[in-house]
Each structure stands twice: as structure tokens, then as C-alpha cells.
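Here are some friendly notes to read beside the model. Please keep the structure open as you go through the points.

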Amino acid sequence: MPTVADQFIEVLVQAGVRRIYGIVGDSLNPVVDAVRRTDGIEWVHVRHEEAAAFAAGAEAQLTGRLAVCAGSCGPGNLHLINGLFDAHRSGAPVLALASHIPSEQIGTGFFQETHPEELFNECSHFCELLSQPEQMPRLLRTAIQTAAGRRGVSVLVLPGDVAQKPAARPTGQGIVECEPPVVVPSEDQVSALAEKLNAAQRPMLFCGSGTRGAHREVMELAGRLNAPVGHALRGKEWIQYDNPFDVGMSGLLGYGACYDAMHRADLVVLLGTDFPYDNFLPQANTVQVDIEPAHLGRRTVLDLAVHGDVRETVRAVLPRVSQKADRAFLDRMLREHAGQLERVVDAYTRNVETQVPIHPEYVADVLDDLAADDAVFTVDTGMCNVWAARYITPNGRRRVLGSFVHGSMANALPQAIGAQIAEPGRQVISMSGDGGLSMLLGDLLTLRTHRLPVKVVVFNNSSLGMVKLEMLVDGLPDFGTDHEHVDFAALAAAAGMHSVRVEKPGEVRDALADALGRPGPALVDVVTDPNALSIPPRITGDQVKGFALAVSRTVLSGGVGKMVQLARSNLRNVPRP
């Protein structure tokens, strides 16, 4: 007779789940054994449950399909929580199995007892305790449907003794396919938006991840309005390529003329972005289009809020938008953008062949050259975010995954694991900081165990660079940010991986090319300059004073990789003043 655990796995297979990320143990054993006995699903052993949750989140973001992770009772499932927060805030459909202590012991202070149904509430749309076999399979299908339909995390808490009990109900069929919704705004909202767009003299578009799938429509709207187009970090991969209106990125990692364009415009159109840094927004003359009604107006005051899918909204409004003849504002912003990028291009081209420690910008620029056109980059939080934002060139086929909303360290390596397992024929590159890699270092062994051809590029500056920058801006001397040099190449070699340590810039290209061309996992440990920091495109007077008080070392405004070439190209049709 099938058990509850057997039924659990059968429902997952019906839902198209092909793997569960986790670590085996105690209360999870019945479920793991059911995996062993079931065709079409595998157990992916990782070295830390946090890595399991990050890997599942990356798989879900890359494929758009439900991914699953699991943790044993108490400490095991507690380790999932950071990766689940990241998945939930990223809108990734993930189901987490939080195994639990024996049901008769709940509430007695038993060994390893926690209350997962309370702990995981904040990072899930659904979190329930399955306490008796009669709740299966309906409760699991509800969890799956909630994660898939609402695009976030569901958590099912399952005591180990319940998992071993005989199933009480037939499994049957019951999985409903969920596609992301298409929301078309009302006629009144479309008319009001058209009126605003037509009345504006200096409009600009600021795009986020909600512009995925809407590149053609946004470009057509920008052309109709002669509007500069900027983007948030999560909008970069969807909107920057083939974009003759590009003026760069705003925010803490920003560059170019995006900030200036936004603040000089008489109408800012926020498209599919919940951009969190309200101090970078003009807080006036703004309209917002978003499929999530809760996003509307929560970062800035609005003249108009439009509830709708970006692509469908733009399609609806385009026939009502008149072609603007005046390009003066657009051309001025394109010139300013190109000029700003030209001024900082030396940050990654001057003396790079002899600069020791190596410029991290140079490493990212070479990596961008060598990576495949459909590569998946996973990016650690911190300075690696900066180098990815400024040097990884989007083309509509590449993907860049990171902890862009939750902002967790240590995300890049486990996200690369999930991405590589989900799409084994695709090149996956982890841009890891030495601080982030250190936190989940054990999962280098996961690459070796599963023979995953992930390429780990370590930006090894023996420092927590972003934290150092935060201290300097606040006028504080950096303290506790630097640590002893670590030879990550030696650690990777001990784990059985190909590895190389690079300390001279002349060796960077060959080392990266060799690693990318190898069939298995590889790690390139690049010793980079800890003083190569990046400042935002706009900082306050107090922050400038903070720099002066705190530091006399080199702080770079940041190079921009291929973006300077794009900016030069976009200037070809702009008349000179």
C-alpha cells in the first residue's frame, strides 16, 4: 500500500517536478526513499539547505516552472529560509517541504522542535501543516497551485511519522497548468495614459523586470515619444539590448545619464518596476504601469496609476500616441550619456596589462567577451553586482540571476547549481565574490559530486567591498571588512575540480578561456584590487564629505564595458550642437 510519502512524490511528478534539492536525514527519510523508488524524479544532494533553496529558486526563475527543495526537522528546514525569502521576493514558484518532528511530540519542547508553519509565513503565500493522511493529496495540490499561480513560495510542513503512514485517499489527477496572467487596463486608464504621453514635452521611460517580453513594444513607444529609456538592475536584461534610446541605469549601482534624464523629464513613465530607492526618483510628474496593484504608488507619488501588463498596456495605448517631432531632449540625454561613459572608460582600460592587483572591471569585461551568447550568469551580492551591471552585455538570450531584491550574500554558487541542472546544455557562470563564496564554500563539492560544468569566477579581493563602500560613504573608516588572503584555487583543487589562480592581468584571458572550454566544473580565482569601489551616479554632499573624512585611497566611478560602444552607436544619428 502506498504511503503518504509515496503519494507526495507521485503528485510532484504529475506536476512536472523532476528533482528535489536538499540533504537527507531523519524525518525526511520516508520522502527520500519514495524518491529512490520513483522513476522520473531525482534527489539532488547539496551541502547546505540554504543552497538547496537558492538552487530551486534559480531553476524556477530560469524555467518558469515549479521547483522543489526540502529540509529535515528543526535546523534542516531552518536553513532553507534565506533562499526561500529570495525566491519569494523574486516571484519564483518554489515548493519547500519542511519536514517536522513526530506529530505526537509537537508542543512538548521535543528535540529539534520548531514551529515551521509560523517561521515560514513571512516568506510564503501558503504555509500549512499536513497532520493526517486524509489531507493528502488535496493540501499538496493546493500548495503547488498557490506557488505556481501566485508566483512565489509555498511551504508544506510534514511530520516524519505522518509521511510513513498509509495513504488514506486515492491520488488521482488534479494538477492545473498556470500561465502568468495578462492584465489589460481599463479603457479609462488607457485614455488617461495616452493623454499624459501626448501632453508631455520631455518624457522618459524607466523600465524594470516587468518589461520582460515587451522589448519591441517599449522600443516602439520610445520612438513615438522620442523618449530616453533607462532601466533598473532587474530590467537590464530585458530592455537594454538593441535599444537606440538607452541612457543607462539608476540606483546604487547606476551609471550614465538615467538619473539626469529622470529628473529633467516632465513625465517619468515607470514600466514594470518596483524600484525600491525612492530617493533616486523625482517624486513628481510620474505615471506607473504595473501588473501588481500593490506596487502602484508605493515608491513615489503618482499622477496616474495604470494596473496592467506592460506589453498589453503599451499595445493598447500606442494607437492613441502621436509621433513627436522634437528630439531635443532625447538627443541631449544621449550626448550626456555617452559623455559620462567616455569619462569613466579609463577606469578599466588604463594600464590594465600591468595593474596589480588586477582591475575587477577588466576581468568582467573579458568574461563578457568570452561567454556564450546564451550564457546564464549568477551574480553574488556586493561588488559583483556592480561588475555584472556594467560589463555583462545583454542580448535577449543571456540571463543574469542574482539576489536582486532580497540582497543576500552567497547566492551565486547555489543559483548556478540550480541553473545548470535545469538546463544542462547551457553555459552557466557564477560570478562569485570571495565573501559570498566563503559562506557556502562546501557546495563546491556539489559541483564535483554531480559533475556540473559550472564555471566559478572568483573576484578575490580579500575584502567585503560593498560594506567597505557603505562605511566610506557614511564617513566611517572601514573596519572588519578585510580578511586574510585565501587561495580558492587550492581549495577547489582539493575538491577535485580544475582550478587556476590568476595574479597577473596578462593571464586573465587565457585562464578564463581555458576554464570556459572545459567539459566539467572549473574555478578561476582572480586576485583583484580591493580598492576598486563604485560610487552611485548621485551622492549627497554629506556622503561626499564622508569620503573625504574616511579615505584617501582610489575610488573608481566605474567603467562601463560594451555600454560605451552602444552609446557611441546611438549618437551616430544625433546632430551635433
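1. Let's start with helix 1 and helix 2, which are oblique to each other because their axes cross at roughly 55°, an angle that falls between the under 35 degrees of roughly parallel and the 65 to 115 of roughly perpendicular. Helix 1 covers residues 4–14 and helix 2 covers residues 29–36, and their axes come within 8 Å. The crossing of helix 1 and helix 2 is right-handed. Please bear in mind that this is a predicted model.

2. Which residues make up the meeting of these two helices? From helix 1 there are A5, D6, F8 and I9, and from helix 2 there are P30, V31, A34 and V35.

3. Now for the interior. In soluble globular proteins, nonpolar side chains tend to be buried together. Here the largest nonpolar core has 49 residues, and those with the most contacts inside it are C69, L84, V94, V155, L447 and L523. Helix 3, residues 49–63, gives the largest share of this core, with 8 residues. A further core, lying apart from this one, has 48 residues, including C207, A214, L225 and F275.

4. Not counting residues up to four places away in sequence, L447 touches L413, I417, L452, V454, V456, M497 and P521.

5. S432 sits in strand 16, residues 428–433, and is buried, because its relative accessibility is 1%, under the 20% cut-off. Beyond residues up to four places away in sequence, S432 touches D380, C384, A412, L413, L437, V456, V457, V458 and F459.

6. C207 is in no disulfide, and the nearest cysteine sulfur, that of C258, is 9.1 Å away, whereas a disulfide needs the two sulfur atoms within 2.5 Å. C207 is buried, with a relative accessible area of 0%. C73 also counts as buried, at 7% relative accessibility.

7. Is W238 buried or exposed? W238 is buried, with a relative accessible area of 13%. This tryptophan belongs to helix 11, residues 236–239. Leaving aside neighbours within four places in sequence, W238 is in contact with S209, T211, R212, H215 and R399. The C-alpha atoms of W238 and G210 are separated by 8.8 Å, and these two residues are 28 residues apart along the chain.

8. Finally, a few backbone details to check. Most residues other than glycine have a negative phi, and most peptide bonds are trans. Against that background, M136 and P137 are joined by a cis peptide bond, with omega about 0°. P137 is placed in the loop between strand 5 (126–129) and helix 7 (138–150).

9. Two residues other than glycine have a positive phi: R151, near 55°, and D242, near 45°. R151 is in the loop between helix 7 and strand 6 (153–159), and D242 lies in the loop between helix 11 and strand 9 (246–249). R151 counts as partly exposed, at 22% relative accessibility, while D242 is exposed, with a relative accessible area of 61%.

Notes: Residues are numbered from 1 along each chain as its sequence is written. This is a predicted model: local features need pLDDT of at least 70, side-chain atom pairs count only at pLDDT 80 or more; totals for chains, interfaces and linings use all residues. Side-chain values use heavy atoms; hydrogens and water are left out. A nonpolar core is a set of buried Ala, Val, Leu, Ile, Met, Phe, Trp, Tyr and Cys residues joined through side-chain atoms within 4.5 Å. Buried means under 20% relative accessible area, exposed over 50%, partly exposed in between (1.4 Å probe, protein chains only). Helices (H or I, at least four residues) and strands (E, at least two) are DSSP runs, numbered from the N terminus. Contact means heavy atoms within 4.5 Å. Axes are lines fitted to C-alpha atoms, for helices over the stretch in contact, and angles run from 0 to 180 degrees between N-to-C directions. Angles under 35 degrees count as roughly parallel, over 145 as roughly antiparallel, 65 to 115 as roughly perpendicular and the rest as oblique. A crossing is left-handed if the near helix is turned anticlockwise from the far one by less than a right angle, and right-handed if clockwise.
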